[in-house]
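Keep the structure in view while reading.

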Amino acid sequence: MGPRGKGFEKTYSLLEQALAKTGKVGIATFVMRQHEYLVALKAEDALLILHTLH
């Protein structure tokens, strides 16, 4: 995952840093091709990794 565009870099960075510092995972919903998925966001190597949950 990456920031949507200019203006979103700060928000992306703050979320990534907060998850990395606390060692926690964020839970969210993600929509792709008219389907909604439950996902986990994890900070790894200065990136946000998205894992779909079943």
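Two strands count as paired if DSSP finds at least two bridges between them. By that rule, Val31 stands opposite Glu36 in strand 2. The model is predicted.

- Three strands form an open sheet in the order 1-2-3, with antiparallel pairing.
- Strand 1 and strand 3 are at the edges with a single partner strand each, so one side of each has no neighbour in the sheet.
- From one strand to the next, the twist averages 40 degrees.
- Helix 1 (residues 9-22) packs on this sheet and touches strand 1, strand 2 and strand 3.
- The direction of helix 1 makes about 75 degrees with that of strand 3.

**Strands 1 and 2**
- Strand 1 spans residues 26-32 and strand 2 spans residues 35-44.
- Seven bridges join strand 1 and strand 2 in the antiparallel sense.
- Ala28 has Val39 of strand 2 as its bridge partner.
- The hairpin of strand 1 and strand 2 has two residues between the strands.
- In that hairpin, Arg33 takes a positive phi near 55 degrees.

**Strands 2 and 3**
- Strand 3 covers residues 47-52 and pairs with strand 2 in the antiparallel sense over six bridges.
- Opposite Glu44 stands Leu47 in strand 3.
- The hairpin of strand 2 and strand 3 has two residues between the strands.
- Asp45 takes a positive phi near 55 degrees in that hairpin.

**Background**
- Strands of a sheet pair through backbone hydrogen bonds, either parallel or antiparallel.

Methods:
Residues numbered from 1 in each chain as written. Predicted model: local features only at pLDDT ≥ 70, side-chain atom pairs only at ≥ 80, totals over all residues. Heavy atoms only, no water. Helix = DSSP H or I, 4+ residues; strand = E, 2+ residues; numbered from the N terminus. Axes fitted to C-alpha atoms, helices over the stretch in contact; angles between N-to-C directions. Contact = heavy atoms within 4.5 Å.
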